[in-house]
Structures are given as structure tokens and as C-alpha cells.
Amino acid sequence: MNACTMVEGNLAVAATYERPRFHVVDGGLDARPASRPVAVQPCSTLSPRTVLVASACVLAVLAVLFGGLASRQAVFDAALASQSRIEVAVERGDTLWSIASAHPIDGMSQVDTVEVLKSWNGLEQASLQPGMVLSVPA
């Protein structure tokens with residue numbers, strides 16, 4: 001049985017981990033001196049199997065996340081390289097979002113299309129001025 005016991009004076013507490021409960025154990029005054037508690041070796045709260053299963057789960061989640069990021073990056077790179085482009089003049093009230101909506105890229109979200117527009121046109125920010133000429137997907 002995997003248990004921890006703490007005794008001080010006539011009080012004793014045993015914690016068991018198969019069934020997480022505390023049991024009061026009758027220690028009696030003559031069992032231990034009241035002046036110093038008896039320290040018992042600390043219990044391990046995680047078994048090696050639990051640590052192994054938790055590690056495997058964390059690694060699986062990380063693999064899924066990095067796999068998703070890698071595939072998204074591949075689509076983004078393909079769009080940058082192979083998409084034909086045209087030039088449009090920015091008009092009053094235009095935003096990158098509205099331009100991305102009017103010129104979508106197949107297989108990409110509108111958010112990703114905005115990022116492609118920023119990359120193609122060397123834009124650090126999303127602010128546009130009327131009269132600017134932008135390269136957009138054809």
C-alpha cells in the first residue's frame with residue numbers, strides 16, 4: 001500500500017493514495033515522544049506510468065500543432081510563388097480586408113490573403129492611402 005504517515009505526540013494521520021482519504025490512527029501517548037514529530041519518507045504523487053502517459057499526450061498535442069502550422073505555411077508559400085498578380089489603385093475607403101475580399105486566393109482564408117497582400121506590397125501596417133498601387137491576386 002502506498003501511504004504516508006505523520007505522527008506527532010498522540011496524533012497520527014495516514015494518507016493513502018489508492019483511495020484518497022485520510023485515516024486517523026490511534027497512536028497513544030506512549031507510542032512516540034510529544035517533543036519531536038516523526039518524519040516519514042515523502043510519498044510520490046505520480047507513478048512512472050502516469051508521467052509517461054502525460055508526456056506522450058503533450059508530445060502528441062505539440063506534433064498536431066506544429067503539423068498544422070507547417071501545412072499553413074506551405075499553402076502561404078505556394079500562394080506567394082505561384083499566384084498571378086494584377087495591380088490596382090487604392091481608392092478612398094479601401095482597406096486590405098476589403099481588397100482581400102474582392103481578390104480572394106483559392107484555399108486561403110481572408111486573414112491569410114491580407115497577409116499575402118502585405119507581403120507582396122512590402123507593407124508593415126494595414127493602413128492604405130488613396131492612390132497607392134497594390135499588387136493583388138488576379
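Modeller: Lys118 lies in helix 3. Keep in mind that this is a predicted model.

Biologist: Is Lys118 buried or exposed, and what is its relative accessible area?

Modeller: Lys118 is buried, at a relative accessible area of 19%. The cut-off for buried is under 20%.

Biologist: Leaving aside neighbours within four places in sequence, which residues is Lys118 in contact with?

Modeller: With that exclusion, Lys118 contacts Leu96, Leu123, Glu124 and Gln125.

Biologist: How many salt bridges does the count come to?

Modeller: The count is 1 salt bridge. The side chains of Lys118 and Glu115 form a salt bridge, with 4.0 Å from N to O.

Biologist: Where do Lys118 and Glu115 sit in helix 3 relative to one another?

Modeller: Lys118 and Glu115 are 3 residues apart in helix 3, so about one helical turn separates them. Glu115 is partly exposed, with a relative accessible area of 35%, while Lys118 is buried.

Biologist: Changing topic. Which residues make up the largest nonpolar core?

Modeller: That core has 10 residues in all: Val90, Leu96, Ile99, Ala100, Val114, Leu117, Leu123, Leu128, Leu134 and Val136. At least two of its residues come from each of helix 2 (96-102), helix 3 (110-120) and strand 5 (133-137).

Biologist: Which element gives the largest share of this core?

Modeller: Helix 2 does, with 3 residues.

Biologist: And Leu96, what is it in contact with, leaving aside neighbours within four places in sequence?

Modeller: Leu96 contacts Val114, Leu117, Lys118, Leu123, Gln125, Ala126, Leu128 and Leu134.

Biologist: What do nonpolar side chains tend to do in soluble globular proteins?

Modeller: They tend to be buried together.

Conventions. Residues numbered from 1 in each chain as written. Predicted model: local features only at pLDDT ≥ 70, side-chain atom pairs only at ≥ 80, totals over all residues. Heavy atoms only, no water. Core = buried A, V, L, I, M, F, W, Y, C linked by side-chain atoms within 4.5 Å. Buried < 20%, exposed > 50% of the residue type's maximum accessible area, 1.4 Å probe, protein only. Helix = DSSP H or I, 4+ residues; strand = E, 2+ residues; numbered from the N terminus. Contact = heavy atoms within 4.5 Å.
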